[in-house]
Amino acid sequence: MAHYRCVGEVPDKRHTQFRDSAGRLRYEELMGEEGFSSDSALLYHRTVPSAIVDSAVWDLPAHSTAPNHPLKPRHLRLHELFTDDARHVDPVTGRRLVLGNNDVRIGYVVADAVSPYYRNAIGDECVYVESGHGTVETVFGELPYRTGDFVILPRATTHRWLPDGSSRLYAIEGNSHIAPAARYLSRFGQFLEHAPYCERDLHGPGSPILVEDKDIEVLVKHRAASGGIIGTRLVYADHPFDVVGWDGCLYPYTFNVADFMPITGKIHQPPPVHQVFEGDNFVVCAFVPRKVDYHPLSIPVPYYHSNVDSDEVMFYVGGDYAARKGSGIGIGSISLHPGGYAHGPQPAAVEASIGVESVDELAVMIDTFRPLELGEGGTAADDGVYAWTWAGRKLE
Ligand SMILES: [Fe+2]
């Protein structure tokens, strides 16, 4: 994030004495990416941010994965992972792992409970709010969220989720930073004119949250030397939400999908025009309601395509996705189209799309450049028959 923000009280000059009204020094913390060589923020704490009084193992929820083998496209029905009467599920520990690899993990949760204090030290999180609203409290301040928001939480941001009622959350956990596509930005980081959104659409935290309390537990997800993920429960002597002010270019923010201005064309536009964010070895795109191709002979649904370097994950959030008609896919579905396999519209969808002038679809896509494996939630949500829907039969 090159977009500078300043919230609360900060001293005129960085790294200088900054005292409260009683003369006590504030404790300055630099939170920075890539050593001291990329975006950072300076936070001013009332208490020592490194003072811990305990450390214990946090046994993470199920996070092992199994290969998509034998290879086939999949339809995963995420809404079936949580029944309507599920209660007291929180947005962090309640996530069920749907798909994952060494670059990104995709989890899903229907949550109605306040989460523990939590910090993902493995990478940035990008949580898409399928439905619901509430607040994410962070060390930077409060971040309201609502349906359609992407909530971006930089690596190691201490936070907790407070859903107001029930929220359906699609959690994209990177092993890297997740940021707007680099090609949308100037060499100094400003959004360019051709970008489908800009700084005005990004909403950072407002005023600081100041809590005085002792012995606060924070769950930390972090890296094992083997490349795996492990968890620790740290107990802080003082409440981590004690920041009187901060400034810089690194902070959590929200971006609502309704603020994505789609780029359309005379003939079918390829998925990169729908890109929102990117991480290492994956991209996040949003297919939003839009006018479609206006060439007199255009075919509005996509051509068949073989993304030889990608696994493609579509999460269908709203509207009627024309290309998938007849496949069983609906709202709350995921389609996984893996590398090594060409995919495209259901056969009848091509002819049916001709003459259509606009679509009301809303879908979030993740393309990963290394194969995805199925998590426990992905296996549980698999419909088992999607692979045969183009042919209309399975070999007996
Ligand atoms: Fe595709």
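The questions and answers below go through a predicted model of one protein chain.

Residues are numbered from 1 along each chain as its sequence is written. Because the model is predicted, local features need pLDDT of at least 70 and side-chain atom pairs count only at pLDDT 80 or more, while totals for chains, interfaces and linings use all residues, and side-chain values use heavy atoms, with hydrogens and water left out.

Q: How many helices and strands does the protein chain have?
A: Helices (H or I, at least four residues) and strands (E, at least two) are DSSP runs, numbered from the N terminus. On that basis, the protein chain has 2 helices and 29 strands.

Q: What is the radius of gyration of the protein chain, and what does the globule rule give?
A: The radius of gyration is taken over C-alpha atoms, and the globule rule is 2.2 Å times the number of residues to the power 0.38. The C-alpha atoms fill a box of roughly 75 × 45 × 40 Å along the principal axes. The chain is as compact as a globular protein of that length, because for 396 residues the rule gives 21 Å and the radius of gyration is close to that, at 22 Å.

Q: What percentage of the residues of the protein chain count as buried?
A: Buried means under 20% relative accessible area, exposed over 50%, and partly exposed in between (1.4 Å probe, protein chains only). Of the 396 residues, the buried share is 53%.

Q: Among contacts between residues at least 6 apart in sequence, what percentage join residues at least 24 apart?
A: A contact means heavy atoms within 4.5 Å. Among the contacts in the protein chain between residues at least 6 apart, the share joining residues at least 24 apart is 74%.

Q: How many salt bridges does a search of the whole structure find?
A: A salt bridge is a side-chain nitrogen of Lys or Arg within 4 Å of a carboxyl oxygen of Asp or Glu. Side chains of opposite charge can pair when their charged atoms come close. Over the whole structure, the number of salt bridges found is 15.

Q: In the salt bridge of Asp20 and Arg24, which residue is exposed?
A: The side chains of Asp20 and Arg24 meet with N and O 2.9 Å apart. Asp20 has 16% relative accessibility and so counts as buried. With a relative accessible area of 55%, the exposed residue is Arg24.

Q: How many residues apart in sequence are the parts that Lys221 and Glu173 tie together?
A: The two side chains form a salt bridge of 3.0 Å, N to O. Lys221 lies in strand 18 (residues 214-223) and Glu173 in strand 15 (residues 167-174), so the pair ties together parts whose separation in sequence is 48 residues.

Q: Are Arg290 and Glu361 buried or exposed?
A: Arg290 forms a salt bridge with Glu361, with the closest N and O atoms 3.0 Å apart. Arg290 is in strand 24 (residues 290-291) and Glu361 in the loop between strand 27 (358-359) and strand 28 (362-368), so the pair ties together parts that are 71 residues apart in sequence. Both residues are buried.

Q: Where does Glu34 lie?
A: Glu34 is a residue other than glycine with a positive phi, near 55°. Glu34 is exposed, because its relative accessible area is 54%. Its place is in the loop between strand 2 (27-32) and strand 3 (40-45).

Q: What is the relative accessible area of Phe140?
A: Phe140 lies in the loop between strand 11 (134-138) and strand 12 (141-145). Not counting residues up to four places away in sequence, Phe140 touches residues including Met31, Leu43, Trp246 and Tyr251. Phe140 is buried, and its relative accessible area is 0%.

Q: How many Å apart in space are Ala391 and Pro347?
A: Ala391 lies in the segment after helix 2 (376-381). Ala391 counts as exposed, at 61% relative accessibility. Ala391 and Pro347 are 44 residues apart in sequence, and their C-alpha to C-alpha distance is 8.7 Å.
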